[in-house]
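Please look over the sequence and the model shown below before reading on.

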Amino acid sequence: MNTPKSLPVKVCKIESDARNTAVWVKHIQNDFEIIWILEGTGLHTINGEQYSLSQNAVYVALPGDYHELLINPGAQGYIVRFDTSRPDQVDSDYHTINESWLYYYFSKTPVLRLDAGKHDKMKNLIMLMEQESAAYSSLHSEINSKCLQLFQLYLRQHIELLSNPSCTYKMNSLLKQYFWLVEKDFKTQKNVEYYARELNVSANYLNHMIKRASGYPASYHIRQRLFQEARKKAQYAGFSMKEIAYYLNFTDISHFSKFFKSMCGISFSEYKREELKRAV
C-alpha cells in the first residue's frame, strides 16, 4: 500500500492572542501565501510596496518576494500557504494550471477585492483545509488537493468577474494550455517554438495571442518563471549559482549568470548577499 503524499498546504488562523500587541513578520517568501483579513487591519509590504490590509480582500506574496506583514491587534482571518514546486510531494491529482494563472495575475497586483457573495464558500474551504492538516487521515492529501483547487478557482472567478471579454486577464483555452505547459516544462524548454509545436500553432500566432492577452510576448513568461525559480533557490545559502544553473538546465553557467543579471539588474552574488542581509 502506497503512503499518500502530503500536499504542502498550511492554514494559519489569524487571531490576536495579545489584544494589545501587533504581530509583525519579515522574510523572503518561500511559498505561495494568501492573506485574508476577515476583521481588523494591518499592513502588507511586497518588495517595498505597501498595501493596507482591509476586509473583503485577499493579499498575496509569491515565492521569491521580499515580504513584510503587520497584523494589528484584534485582527482575525486566515493565512494559506502552499508550495507545489516539488512534484514528488504533490498528489498526482493536483494540477498547477490555477497556480500558474494566479501567479500571472498577482505578479502584477498583490491585492484582489472579493465579492461578499463567495465569502462563506471560500471560508468553509479554508476551514476544511485547516482541519485536514491538523488531523491526519489516509485521504487528507486528496481532500486538501481538491479544496485548494476549488479555492484557487474561486479566486480566478473573482478576477474574471472583474473583467470584460477584452480584458488582459481573460484567458481562452489556448492560453490556459500555454501556461500549463510553461509550468510543466520551463526548466527544460526555454524556446517559444517548443510550446507552439506542443499546441499545434505557429510561434508567431502563439506570441500574438499571449501578447494580446497579457501585454507581453510568450518568451517573457518563460523567462519570468525561470527567474522566479532562480530567486527562490538563491534564498538558500546552500545553493550555489552552479547548482541553480544545473537545476534549471542551463548548459553554460556564464549564460545563467548573464540571464540572472539581465532579469535582476545585479549579479547573482550581489543579489544573494543582499537577500542574506535582509533575512538576518
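## A loop serine and a helix lysine

Ser 240 counts as partly exposed, with a relative accessibility of 30%. This value, like the others in this report, comes from a predicted model. Ser 240 is placed in the loop between H7 and helix H8 (241-247), and although 29 residues separate Ser 240 from Ser 269 in sequence, their C-alpha atoms are 9.2 Å apart in space.

Lys 242 belongs to helix H8 and, at 63% relative accessibility, counts as exposed, because the cut-off for that class is over 50%. Between the C-alpha atoms of Lys 242 and Phe 256 there is a separation of 8.7 Å, and the two residues stand 14 residues apart along the chain.

## Aromatic pairs and a ring cluster

How many aromatic pairs does the structure hold? There are 12 aromatic pairs in the structure. One of them joins Tyr 178 and Phe 179 in an edge-to-face arrangement, with 5.5 Å from centre to centre and 70° between the planes; both Tyr 178 and Phe 179 are buried. Another aromatic pair, formed by Phe 256 and Phe 259, is tilted, with 6.4 Å from centre to centre and 40° between the planes. Phe 256 and Phe 259 both lie in helix H9 (residues 253-264), where they are 3 residues apart, about one turn of the helix, and both of these phenylalanines are buried.

The rings of Phe 256 and Phe 259 also belong to a cluster, in which ring pairs link them with Phe 227, Phe 250, Phe 260, Phe 268 and Tyr 271. Phe 250, a member of this cluster, has the charged end of Lys 190 over its ring, 5.0 Å from the ring centre. A further lysine, Lys 233, lies over the face of Tyr 247, at 4.7 Å from the centre of that ring.

## Salt bridges

Side chains of opposite charge can pair when their charged atoms come close. In this model the count comes to 5 salt bridges. One of them brings together the side chains of Asp 65 and Arg 231, with 3.8 Å from N to O. This pair links distant parts of the chain, 166 residues apart, with Asp 65 in the loop between strand E6 (57-61) and strand E7 (66-71) and Arg 231 in helix H7. Both Asp 65 and Arg 231 are buried.

The side chains of Glu 183 and Arg 225 meet in another salt bridge, at 2.9 Å from N to O, and this pair too links distant parts of the chain, since Glu 183 lies in helix H4 and Arg 225 in helix H7, 42 residues apart. Glu 183 and Arg 225 are both buried, and together with Glu 229 they are linked in a network of salt bridges. Lys 184 forms a salt bridge with Asp 185, the closest N and O atoms being 3.1 Å apart.

## The largest pocket

Rolling a probe the size of a water molecule over the atoms shows where empty space is left. The largest pocket has a volume of about 560 Å³. It is lined by 26 residues, of which the closest to the pocket centre are Leu 62, Tyr 103, Ser 107, Lys 108 and Gln 224.

Which element supplies the largest share of the lining of the largest pocket? That share, 7 residues, comes from H7. Strand E5 (49-53), helix H1 (97-106), helix H4 (173-185) and helix H7 (218-234) each supply at least two residues of this lining. By class, the lining has 14 nonpolar, 6 polar and 6 charged residues.

## Two asparagines with positive phi

Asn 47 is not a glycine, yet its phi is positive, at about 50°. Asn 47 sits in the loop between strand E4 (42-46) and E5, and it is partly exposed, with a relative accessible area of 43%.

Asn 249 likewise has a positive phi, near 60°, in a residue other than glycine. The loop between H8 and H9 is the place of Asn 249, which counts as partly exposed at 42% relative accessibility.

Note on methods. Residues are numbered from 1 along each chain as its sequence is written. This is a predicted model: local features need pLDDT of at least 70, side-chain atom pairs count only at pLDDT 80 or more; totals for chains, interfaces and linings use all residues. Side-chain values use heavy atoms; hydrogens and water are left out. Rings of Phe, Tyr and Trp (its six-membered ring) pair if their centres lie within 6.5 Å; planes under 30 degrees apart count as stacked, over 60 as edge-to-face and the rest as tilted. Buried means under 20% relative accessible area, exposed over 50%, partly exposed in between (1.4 Å probe, protein chains only). Helices (H or I, at least four residues) and strands (E, at least two) are DSSP runs, numbered from the N terminus. A charge sits over a ring if NZ of Lys or CZ of Arg is within 6 Å of the ring centre and within 35 degrees of the ring normal. On a 1 Å grid over the protein atoms alone, a cavity is a set of points where a 1.4 Å probe fits but cannot get out, and a pocket is an open set with protein on both sides within 12 Å along at least five of seven lines; lining residues have an atom within 4 Å of a point. Grid points are joined across faces, edges and corners, and a volume is the space filled by probe spheres set on the points. Ala, Val, Leu, Ile, Met, Phe, Trp, Tyr, Cys and Pro count as nonpolar, Asp, Glu, Lys and Arg as charged, and the others, Gly among them, as polar. A salt bridge is a side-chain nitrogen of Lys or Arg within 4 Å of a carboxyl oxygen of Asp or Glu.
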